[in-house]
Amino acid sequence: PPRRSRRGELRVLGATENNLQDLDVSFPLGQLTAVTGVSGAGKSTLVHSVLVGNLQGDPDRGACSGIEGSDAITEAVVVDQRPASRSPRSNPATVSKSFEAIRRRFAATREARALGVGPGWFSFNVPGGRCDTCEGAGQLVIDMQFLDDVRVPCDDCGGLRYRKEVLGVRFEGRSIVDVLELGVDEAIEVFATDPAIVAKLAPLSRVGLGYLPLGQPLSTLSGGEHQRVRLALALSGESADRLYVLDEPTTGLHPEDIRVLLGAIDALVDSGGTVVVVEHNLDVVRHADYVIDLGPEGGPGGGQVLATGSPEEIARDSRSHTGAALRVQREVTEPG
């Protein structure tokens, strides 16, 4: 693919944390950089401990002489597998903030106006239309004392979270519960005429999470899904002059999901952000604008910069294990 032009660089000077061998290394701004190397080569130490740690002013930051060019970055954002929200009531609708606009659409219906209720009535987080017995949780917790708590569906609402009057209010034939059961892509179609809702949900679809029901608790997602939710939230915000760091985001993903993920990363870079990915996946490495390859081995035998440059330049470097893998992949995909 064509490589994007850099807009300057972040230059790490004299990095000596863990096994890093007094490294001086540059990270281009306005590009996708892949940091590669065998396990234990120092990738995470360089990126997370030294680069991000120093940019964020972490008291446990990795040792280095300094970072030049940091004034060009407004914020360093780590897109990892931590939950985007720690609230047990959080779901794709709430974290994307689309639920606010969806509730406004329900409040504007004829049935809601006849009842004299507003958007808050359709929330399961505040008193009003939610079930009073379970307080909108849809379930009750039974304290088993010395055993784990047992959760059972609420008898009054049948696990639906809302009072019966709320379920009688319909938007195009669907109750609020029906809408929360829609997948993200389905909801985009249902609310296609509402730009505010579509704009909030579109980033989730762009990172390959179009299948998630709007009301699915985030606590049930996998680590990889959490990482993509966080990436979607990054896409929905202002990207310019921010540094985004992802650590092996392709773990467990199907090749088609990886293609979608790379499209989302490209969108961050094309909107003015800088992305650094710690990654082994060769499709991601080949897609990067710039590669920093560490090694030659792990542990005490690592911590050195073996090669830097475009993926094509890395593939031509005889010292690089990553380069050798790229050469083999190219021979397999381009026989003859």
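**Pockets, surface and pairing in a predicted model**

The lining of the largest pocket divides into four nonpolar, two polar and three charged residues. The model is predicted, and the values below should be read with that in mind. The chain has 336 residues, of which 48% count as buried, and its secondary structure comes to 13 helices and eleven strands. Along the principal axes, the C-alpha trace spans about 70 × 50 × 40 Å.

**The largest pocket**

- The volume of the largest pocket is about 210 Å³.
- Its lining is made up of Pro88, Arg89, Ala137, Gln139, Val141, Arg151, Arg161, Pro217 and Ser219.
- The charged residues of this lining, three in number, can be picked out in the list of lining residues, which includes Arg89, Arg151 and Arg161.

**The second largest pocket**

- The second largest pocket holds about 180 Å³ of space, and the residues that line it are Glu75, Val77, Val78, Val79, Arg230, Leu233, Ala234, Gly237, Glu238, Arg242 and Tyr244.
- Two or more residues of this lining come from each of the elements β5 (75–79), α9 (223–235) and β8 (242–247).
- Strand β5 makes the greatest contribution to the lining of the second largest pocket, giving four residues.
- Sorted by class, the lining of the second largest pocket comprises six nonpolar residues, one polar residue and four charged residues.

**Salt bridges**

- Side chains of opposite charge can pair when their charged atoms come close.
- The structure holds 14 salt bridges, and one of these brings together the side chains of Arg242 and Glu75, with an N to O distance of 2.6 Å.
- This pair links distant parts of the chain, since Arg242 belongs to strand β8 and Glu75 to strand β5, and the two are 167 residues apart.
- Both Arg242 and Glu75 are also found in the lining of the second largest pocket, and Glu75 counts as partly exposed because its relative accessibility is 36%.
- Arg82 forms a salt bridge with Asp80, in which the closest N and O atoms are 2.8 Å apart.
- Are the two partners of that bridge buried or exposed, or does each fall in between? Arg82 is partly exposed, with a relative accessible area of 43%, whereas Asp80, at 18%, is buried, because buried means under 20% relative accessible area.
- A further salt bridge is formed between the side chains of Glu165 and Arg163, at 3.4 Å from N to O.
- Glu165 has a relative accessible area of 40% and is therefore partly exposed, and Arg163, with a relative accessibility of 30%, counts as partly exposed too.

**A nonpolar patch on the surface**

- Ile142, Met144, Leu147 and Val150 form a nonpolar patch on the surface, and together these residues have about 330 Å² of accessible area.
- Met144 counts as partly exposed because its relative accessibility is 35%.

**Backbone features in loops**

- The peptide bond that runs from Gly295 to Pro296 is cis, with an omega near 5 degrees, and Pro296 lies in the loop between β10 (290–295) and β11 (304–309).
- Lys97 has a phi near 65 degrees, which is a positive value in a residue other than glycine.
- The position of Lys97 is in the loop between α2 (92–95) and α3 (98–107), and with a relative accessibility of 48% Lys97 counts as partly exposed.
- Glu248, although not a glycine, likewise has a positive phi, of about 45 degrees.
- Glu248 is located in the loop between β8 and α10 (255–270), and at 25% relative accessibility Glu248 counts as partly exposed.

Methods:
Residues numbered from 1 in each chain as written. Predicted model: local features only at pLDDT ≥ 70, side-chain atom pairs only at ≥ 80, totals over all residues. Heavy atoms only, no water. 1 Å grid on protein atoms, 1.4 Å probe; cavity = no way out; pocket = protein on both sides within 12 Å on 5 of 7 lines; lining within 4 Å. Points joined across faces, edges and corners; volume = space filled by probe spheres on them. Nonpolar A, V, L, I, M, F, W, Y, C, P; charged D, E, K, R; others polar. Patch = residues over 30% accessible without salt bridge, like charges linked within 9 Å, V, L, I, M, F, W, Y side chains within 5 Å. Areas by Shrake-Rupley, 256 points an atom, 1.4 Å probe, with all protein chains shown as cover. Salt bridge = Lys/Arg side-chain N within 4 Å of Asp/Glu carboxyl O. Buried < 20%, exposed > 50% of the residue type's maximum accessible area, 1.4 Å probe, protein only.
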